[in-house]
Every structure is written in C-alpha cells, then in structure tokens.
Amino acid sequence: MNLSWSFTVTIVFLLDIMIFVKGRTIEFEKFMAPAGPWGRQPILLEEDGGYTNLLVAIHSDVMKTPTIIQEIKEVFTYTSQMMYNMSGQNFFFKSISILVPETWSEESSYERPRPNETIHTARIILRNETSAGSPPSYPFVRRPGRFGVEAEYIYIPKKILTNNSETTLWEAAKVCQSLWGQLRWGLPANWTESSGDQLNFREFEDSQSESHVPREITPSFRLLQPKDLFSVVILDARENMMENEKFNRMIERYRYYIKYLFPTYTWLGVVSVNDTAQQVEPCTKLWEKFGFRKQMTFDLPTRATGTKSLGDAVKKAMQVLNLLDKNITDSIIFIMSDGTDVNSPTIDDVLPEVTSAGVLLATLPFSSNKSENIALNNTIDYNSKIHHEVGGLTSLENEDKFIRIYQSDLIQLYPFELEEFTIETDNIHETQSNLIRVRCDDVTMLQYNYTTSAGNAFIYEDSRSDDNKIADVATSRYDTGEVGRHTLIIVSEISQPVSVEVFSGFFTPGDNSFAENEMTRARVVLELPFINYTTFESIVPLYAVVTKNEKPVANVKIVGLITTPDGNNTEIEFVDDGQGVDEKSDDGIYSHGLDWFTIEGNYSLELFVNGDESYLLIKSSIDSESGTLRRKGLSPFQRIPDTKTFTVVGIPPSTISDLAVGNISGRTVSLNWTAPGADLMTGRATRYDLRYGYSSEEVANNFKNALPVADYFVLSGNLSGPSPGGNLETLNLTFGTIDGATFFLAIIAIDSQGNRGRASNVVEVTLEEVSFETTSSVAMTTKYLTLPNKTTVMKNTFPTKMTKTDSGTTEMSIVEQFLEVVKTNAFLAGVAVGVLVTSVFCIGFCILVRKKSTRRTYQSSQSRDSNTELQHYNYENSIIM
C-alpha cells in the first residue's frame, strides 16, 4: 500500500485570522481544524530528516513538579539520538511542542497554544496512571486503521518519562522509539526485520538506508499552556454611523460575530460609544454564563447619536479589562466603526497606554466594503466563517464538559397532548447535571416537566434562540446526575414538530473532578476528511472509538447514519470483532467498511451508541500486547457524538458494460449503450471517448492508444452531449475512411472534472462485403452490396452508395460509381502519386531547359567577344599602316 499521503497536509474547515502588529505576527485563529490524519496535528518531515510539529500533551491528572518538564525533554532528546543512529542517520526530532494543563501555575515561558493545539489533537498524551479512574499503567498506540498506516496517537503513563536515572532514561527512550515506529510508520508492536511483515512505507524504508550526513539532532521545545483570551468589542453608535445604514449593518454583524465567531473559552466585554462611552457587558468568561450568546445581544444601542470620540471608547474598554484584575497582555480590543473621529482624544492619543499594557487594537469589520471600516493595522477577515454550529451546549461539549446522551426523532405534537421522552443516564457525580435542548417551531407554546428516578427535578433556567425555535433548558445542578431513568414531559399549545437532545456532564466548567471521573466517551474517527474515489482501495474504513479513562469499552452496539450529498440516509453497523476492516477485536475501536459511494460531495456520519450490556476491558499486565484481560461491567449508557463530515471527490462515470452493435448498412454502423452519469450512474457525464483498433486486445488492454473516433464519423447521435445516467444512447457512424473491413470498438465516459470511467466491453464490427456484377442494362461492371443468390463476389474496401432497380438489384450509375471512387483512399492515394510524379517530371524538365538555355547564352557571348576582338585587331592594323 502506498502511504505517501502522510506527507500531505489536508486543511478542512479552516478559520485562520492573522493579526500583524509592528512587524510581528500574532496568530489569532479562533477555530482551526486539525490538518493531519485522524483529525490530529500533522507530523511534518523536513528535508533534512527532522520531524516537526509534534505535539505532546500532559493531562490535567498529572501534577506539576519542579523537574517534570526537564525530565520529559531529556527523554525525547535521548529518543531523537537513538532514532537517528538506528535509522542510518536519517531521522530525528527537530521540534516538539509540550502542552501543559491549564491547572498548572503560569510561567513566563509558557506560550498561548493555537486553538487546534489541544490534548484532543496531540500525537502523544501523558497521563498519571495512579489518578482516580486508573488510566492504563502501560503505554500503547491508538490505531484505528490497519498496520502500515500512520496511527492516531501514543499514550504514555507518567512513570515512564519522569525518572531521570541513566538506566531508566535509556529504557524510556527505547519505549518511545518503539512507540514512534508504531505511530508514524504503522509498525506492529512486535515488529522485527525478520518477522516477514511487508510494509511498503517509503519513509520507513529510507530509515533502513545509510546516510551519514552530520546534523544537529537535539530537538527544540515550545512550552504551551491554555490561557484565557480577554476581548472587548467597541460598538460605534455615534451619528456618523447613520449614513448608508452603517449602524444597522454594524448591529446585525455584531450579532453574527457573537453567534459564530467568538469561542466558548473567550472572556468578552462590550462597550458602546454615542454621547458617552459606557460599558454594555462586563468582561465575562462566556461558558460561565448560561445562554450567553443571546444575553450578549441584550441592551445594545438602538440608534446612532452623539459625537464622543473613539479614544474615549478605547479608554473605557481598557477600564473594563483592568477590572478583571488579571494579566491582560495580548488582550484584544475590537472596534466596529467607520473610523470617523472629530473630537479628542483620538485613538492615536490613547495608543501609548494601550500598547504599554500589551493590548492589541483590531478592526472587527461591519461591512464587506473595506473602505467603510476603520483602518487599523490589525483586521479580522470579514468573510471568516465557522462551518459548524457554535451554540452554547455544542461548545460546552467541544470543551469536554458535556456529552450528548440522548436525541429523539422529530415528533409531531398536537394541542395539549402529552409527549413523554425517556432518558437513561449513567452519571454518578454530584455536580453533574443535564442540559436539554428542545427544537420546534415556537418554544413559547411549550410547557415541560422533568423528573428523575428520585422525583421532580428543578428546571432553573431557560434560554431561547432569537427566533424562538430552540430552547436550552438547564436542570438542577445537584441530584439529577444519578444513574437511572429520567423523564421529560412536553405539552404544546399548538400543533408543531418537536425534537429533544439531552447533554450530560459537569455543569461547573472549572470542576477538576471531571478528570477524575471521566465519563464513557464515544467519537467518530476518520483517517482523512477527503476521500479520493480513484485512489481508495475499494473499501473506505470508518471508525468509532469508545473508551473510559483510555480503556477500551466492549460489547457496545453502534449504529451509524450516513447522509449523502443528495439527502439520502443509510444506516450502517459498526463492529469490534477483528473481521474485515476491523484490525483487532475488543480494542474499543469499532469499524465499518464503506464501498457504495455514488455521488461526489459532502457526506455526514452520525453515531448512535448504546451500552446496555457493555464492559471495560482492563489489562492486568504492563505488557500492552500480552496482558491478561479482565472485564468490569458498566452502567447502561447512550452516546450521540458530534456528527462528522467527509468529502468524496474523484468519482468517475460508471463503466459502460452493454455497448452493442445495432444495424450495419454498408459502411454505416449503429451503436447502442446505457448512458452512465457524472458520478457512476448519477447525473450526466460531459462527453464520450469512443476508440477503435484492429484487435480486441489492442482496444481492451491499451484503450488510450487506440484510434479515436472523430466527430466527422458521426452521422447521428452526439459524443459531446451524453444523456442523463440510465438513458439509452444511440450513435450512427460511417467508417468510409477506415482501412480494413473488421475492427473493434470500446467507449468511456468523462465528467466535467476530467474523471474518466473505465473502458467498456469491446464490440466487433465487420462491415458488409462489396461485390461486382455485370448486368445487361449497363454495358460495364457495377458495384453493389453482397445480396442473396449473387455469384460473382469480391471484397472491396470502398464505401458504396446504392440505387434500387425495378428488378430489386441494388446498382449504381457510372457517374455514381465515379463519384464513389473519387471518395476512396485508393483514389486519393493514386492522385497524390500522380501529382508527385508529374511534379518531379516538370521540375526535371525545367532544369534541363534551364541548362540548355544557359549553354546557348554562353556560346553567344563567346561569339560576340571573338568578333569584337577581331574588329579591334583590324582597327589597330589599319592605323599602323
């Protein structure tokens, strides 16, 4: 298998917002999807053999010690040296980023990570095997795919990396190198050169060669720590914004930004300026404010008036930041304004105060016309978009605080009829609670009651969308997370469709007990977000991973719902039985092989996970491969992970398999076949490529080198305008210019992207033979097609045009015969030879005539010269005498 894809960086759903400040670039990427395989950070290989962009994440269950970072650096430095030597001096670690937990105390050396640098995108994860929940005490590689393919990530227990004795350092490096071979090169854990495994991984093969090129092989390290992002938005509500509906467009765009741009972990405040500069919202961490995305749009200015300066608004924004009593370095003040400022202080007047505090000023555009927005060095792209929903609950799930445990179908409610939704929960922590999302046409017409196995639960907050189509309902923080059957009863005052989702988790975002009591997690894992139909190996594997504290969860029923680009839904089942595309049984990785793509575009995959009879698989040995497994039962649970999307490209038209020859009349041939589509049988192809040759093997095995049938062969039908897939195609051709009476044809269809179907079945065409016969009515030999009861027959490659006589004999007149002969290759060839011979003769004759003429001219000249000399001689003699 060819794994060159591992060098390709695929970026999907990218929001990359760059802010340039006095020559330095600050990456302000709000949401940036991981670009590597399995949705993880891509590992890049430089030309010198150095691996870069490797992200190592330390879990929050690992306590900070004075030496832990240095010990980790030493292990990876030693591993780099070992890998360099054992790979023939080819490969080494060039740069490594270490992500420390947010719970660790801050240090000046810690940088802010990019949004896609998280523990969920890291390629190496370090956990404390002695923490609550008992994560595995042995290292392993999470491999959803097959051997020979780059794996997802490495799990390492803390004890392997945090002892700096020389012996342990060598052992730790040896373990890390083995794990790296499994992760990067797809090697089995017990791989040896003599094991016979055939792994066609060019990078791994290169590691076995000799290089001996001296390099600096000590990796560089970045230390990262998630940090709060403080922001304040300034809304310009002054009279200058009345022109050209600027004010209304600004408010509309602000609502868009609040709903889609600012991530959940942002601290955000709002300041407006009109007659005065005032605080609209204090700087608050968004996820600590239930229903914040709606509340941040309350109390906005309703009209534009006043002429207070923008400088005053910036000073007010600085006051809002300083009230946090936190380090506000790298905080951002966004300004939504046209930049008009006639009063003091101006922005330039207050800029020294802002820059001295390490705060940035940035344009948050309200208009797609750049000239209407305030001109600052730092500008957010107006066209920046988020390609997934960023509602409050979804964002909380993205932050690993809430997990979706229930989702109902769309149910039609009728006035004042009760509808009961039953929810099974497996939560056991006292600070866990449930959040309910109700979708309908009008939530103001709904009444609901939520009960648990212990009795009624208090619904203490209800946040609704602006259009009243979604209600987010929070239940009591306590006593609602216990295991048992929960019931939600909804009554509607009108007829309307309703659906319900339930999210469960730790309501308090900063609750560290979450790490100690990790809930069972289910997630969709895709090798790559783009699938090229022309290169995949007939079956595309899809994976679902179910774990609890990194341990596999077995005996789970998983059903996937795939939605195709044309809106059709298909259910599929995931299994963990070690059969087909599932590499290993009971490893918590459930698989399904997909082989029925029919159309290009975006596919979505939604999982429904049911763990009624599931159990944990726990190894009793540190050896991750041979350790004995024991089972530990789990409480019943349901999970509905976030829907994943993937894009399928390169689907060619279907192979034409029913190409057939219809009528043959003289040199006219009729062909029939069923039209394919642009994507297999879907849609309409762009054109056909019809080719012929003089042997079946020539056309079938080497179609691209066969002779193309040009458009002038076509009498009726169209090679450039295929019918929609499934329709019957008919094409009438004339082969009057073809040498040979028997030949073979095949056809392919091509879509608008240039994707070519495979060559069709090959059909044989034998043109009807031509004969000569002398008739009494014409005192010469005439040509006609072979007909029954004719005696004198001879083959002829000329095309024929026939007329019918009263006797039924198909004959041609002398003029018709002459005209037909004129059209043939033989006649044209004869004419060409005749012209060539005539030309040669004429050229030779002209040369001969030219030579004779030259000779006569020369002789005449000589004669004239002689006469002149004689006359001159006689004249001189006469003078002497």
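Two strands pair if DSSP finds at least two bridges between them. Strands here are DSSP runs of E with at least two residues, helices are runs of H or I with at least four, and both are numbered from the N terminus. The structure is a predicted model: local features need pLDDT of at least 70, side-chain atom pairs count only at pLDDT 80 or more, and totals for chains, interfaces and linings use all residues. Residues are numbered from 1 along each chain as its sequence is written, and side-chain values use heavy atoms, with hydrogens and water left out.

Six strands form an open sheet in the order 9-10-8-5-7-11, with mixed pairing. Strand 9 (140–142) and strand 11 (220–224) stand at the edges; each has a single partner strand, so one side of each lacks a neighbour in the sheet. On average, neighbouring strands are turned by 25 degrees against each other, direction ignored. Strand 7 (residues 95–99) runs parallel to strand 11, joined by five bridges. Within strand 11, Leu223 stands opposite Ile98.

Helix 1 (residues 68–86) packs on this sheet and touches strand 5 (54–58), strand 7, strand 8 (124–127) and strand 11. Contact means heavy atoms within 4.5 Å. The direction of helix 1 makes about 145 degrees with that of strand 11. Axes are lines fitted to C-alpha atoms, for helices over the stretch in contact, and angles run from 0 to 180 degrees between N-to-C directions.

Helix 1 has 19 residues and spans 27 Å from first to last C-alpha, close to the 27 Å expected at 1.5 Å a residue. The expected span is 1.5 Å times one less than the number of residues. Buried residues of helix 1 include Ile68, Ile72, Val75, Phe76 and Met83. Buried means under 20% relative accessible area, exposed over 50%, and partly exposed in between (1.4 Å probe, protein chains only). Gly88 follows helix 1 and has a positive phi, near 70 degrees.

**Pro135**

Pro135 lies in the loop between strand 8 and strand 9. Its relative accessibility is 4%, so Pro135 counts as buried. Beyond neighbours within four places in sequence, its contacts include Asp61, Arg127, Tyr155 and Lys551.

Strand 31 (residues 557–563) has a covered face of Ile558, Gly560 and Ile562. Its uncovered face holds Lys557, Val559, Leu561 and Thr563.

Strand 31 and strand 32 form a hairpin with five residues between them. Gly567 in the turn has a positive phi of about 90 degrees.

**Aromatic pairs**

Rings of Phe, Tyr and Trp (its six-membered ring) pair if their centres lie within 6.5 Å; planes under 30 degrees apart count as stacked, over 60 as edge-to-face and the rest as tilted. By this rule there are 22 aromatic pairs. Trp38 and Tyr543 have ring centres 5.6 Å apart and planes at 65 degrees, so the pair is edge-to-face. Trp38 lies in the loop between strand 2 (24–27) and strand 3 (44–45), and Tyr543 in strand 29 (residues 540–548), so the pair ties together parts 505 residues apart in sequence. Trp38 and Tyr543 are buried.

Tyr692 and Tyr694 also pair edge-to-face, at 6.2 Å centre to centre and 85 degrees between planes. Tyr692 is buried at 8% relative accessible area, while Tyr694 is partly exposed at 39%. Ring pairs also link Tyr51, Phe76, Phe91, Phe93, Trp180 and Trp185 into a cluster.
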